[in-house]
Amino acid sequence: MFYNEIAGVKVSALGLGNMRLPKVEGQGEKIDWEKAQEIVDYAMSHGITYYDTAYRYHGGESELFLGEAMKKYPRDSYLLASKFPGHMMEKKENGMMGFTSLLAGRPDTTVDALFHEQLRKCQVDYFDFYLLHNVSEKSVAFYNDPEVGVIDYLMKQKSLGKIRHLGFSTHAVSAETIDEFLTRHEGVFEFVQIQLNYMDWKIQDAKGKVDVIARHGLKIVVMEGVRGGRLAQLPEEQMARLHAIRPEDSAARWALRWLQGIPEVSVVLSGMSTLDQIIENVETFREPNPVSETEKDLLQEVAESMLSWVPCTACRYCTEGCPMELEIPRMIAAYNGLKNGDHMAKYNPAGAEPSLDPGRCIGCGSCASICPQNIAIPNIMRELADMLTEK
Ligand code: SF4
Ligand code: SF4
């Protein structure tokens, strides 16, 4: 494992994201604790020091799991990052806050109660890294609101040693939103977590975001480095082009090596769901081996060949609120396959589970309002249903 730094702290270049831990079959987001512990233990014994979670990952179970999983390790042998879920909160009377979106229905709380709940769940006295979760065009007003006072409160916790380093994650559409937030709070944040991969370099202006963050002198933690697995499974034709240069390397390794070439990137998070994935990723981060300029150009060509794909990262935010319990990311993968003629085109809902039938979508739109990639999901469902009828 090689190491970088954030705010003077040595961090492993590969971090373990705890949003896609192994799950118990047929039980939604429920974590398979035994399998997940194996992944954590492998990470700890192979030099991974950065562990990222959030209040709402796995329906709130991720923090609980990590608290248990890490307690056998000395507190100073790992770095723990968690996030404040302000992107799913609203201001109420008398300093109270309510939950919205996927967290709706939970009792009202305060910033202080929520932060201490997180410390308790993670079984720690402090967070090494603590982030505002998804500062975006939709959530920035809440985070900036002085009456809510989230940032002032977290700065106070930092002065008390409960937070070592403060940052934020973002799915903002525009790099300007990030710039304005950093400028408004100059000196407060020490790192930014963004969605970054060779495909988003152009389509989500990830380049513009990296430039802004670099201008503010901050380091980057990467999420969605392989776009929720999309860049780990390239169409055959594109994969053949990569194999012609490096026959041994998987598509995922290409994507991760691309990230190693960006100087501002300190940690690349990977939500590893199987031991095989973590074994391969640890090997990819054994030592820096960034892509060459020629390889970079080739990856841009690969990205351009996939620009018409619906940019789903399989984060599954949408599935949690779907009243019809539809497997939206799987159907979007099928849609991409049918449109682009790769192996996913074999998808055939005849006799498939109801959760894979796009015709059951009632167009309520609750999925689209939560999708961090701003995908018009009901339209895709409609179009997929039509495509399958015509097939
Ligand atoms: S459609 Fe959007 S919310 Fe749903 S899994 Fe894909 S990226 Fe996530
Ligand atoms: S619009 Fe369709 S896919 Fe989206 S939440 Fe509603 S029923 Fe589910």
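A: By class, ten nonpolar, two polar and one charged residues line the second largest cavity. The model is predicted, so local features need pLDDT of at least 70 and side-chain atom pairs count only at pLDDT 80 or more, while totals for chains, interfaces and linings use all residues. Residues are numbered from 1 along each chain as its sequence is written, chains are lettered from A and ligands numbered from 1 in the order in which they are written, and side-chain values use heavy atoms, without hydrogens and water.

Q: What makes a space a cavity, and how many cavities of 30 Å³ or more are there by this rule?
A: On a 1 Å grid over the protein atoms alone, a cavity is a set of points where a 1.4 Å probe fits but cannot get out; a pocket is an open set with protein on both sides within 12 Å along at least five of seven lines, and lining residues have an atom within 4 Å of a point. By this rule there are three cavities of 30 Å³ or more. The volume is about 100 Å³ for the largest cavity and about 90 Å³ for the second largest cavity; a volume is the space filled by probe spheres set on the points, which are joined across faces, edges and corners.

Q: Which residues lie nearest the centre of the largest cavity?
A: Of its 15 lining residues, Cys322, Leu326, Cys361, Cys364 and Cys367 lie nearest the centre. Helix 15 (366–370) and helix 16 (377–390) are the elements that give two or more residues to this lining, helices being DSSP runs of H or I with at least four residues and strands runs of E with at least two, numbered from the N terminus. The space of the largest cavity is taken by ligand 2.

Q: Which residues come nearest to ligand 2?
A: Cys322, Cys361, Cys364, Gly365 and Cys367 come nearest, out of 13 residues around ligand 2; a residue is near a molecule if one of its heavy atoms lies within 4 Å of it. This shell has ten nonpolar, three polar and no charged residues.

Q: Where does ligand 1 sit?
A: Ligand 1 sits in the second largest cavity, a term that requires more than half of the molecule's atoms to lie within 2 Å of the grid points. Cys312, Cys315, Arg316, Cys318 and Cys371 come nearest among the 13 residues around ligand 1. Helix 13 (317–320) and helix 14 (328–340) each supply at least two residues of that shell.

Q: Why is the second largest pocket said to lie between domain 1 and domain 2?
A: Domain 1 (3–305) and domain 2 (317–390) both give residues to its lining, so the pocket lies between them; the bounds come from an automatic or database domain assignment. The second largest pocket holds about 330 Å³ of space. His87, Asn134, Ser136, Lys138 and Ser369 are the closest to its centre of the 20 lining residues.

Note on methods:
Ala, Val, Leu, Ile, Met, Phe, Trp, Tyr, Cys and Pro count as nonpolar, Asp, Glu, Lys and Arg as charged, and the others, Gly among them, as polar.
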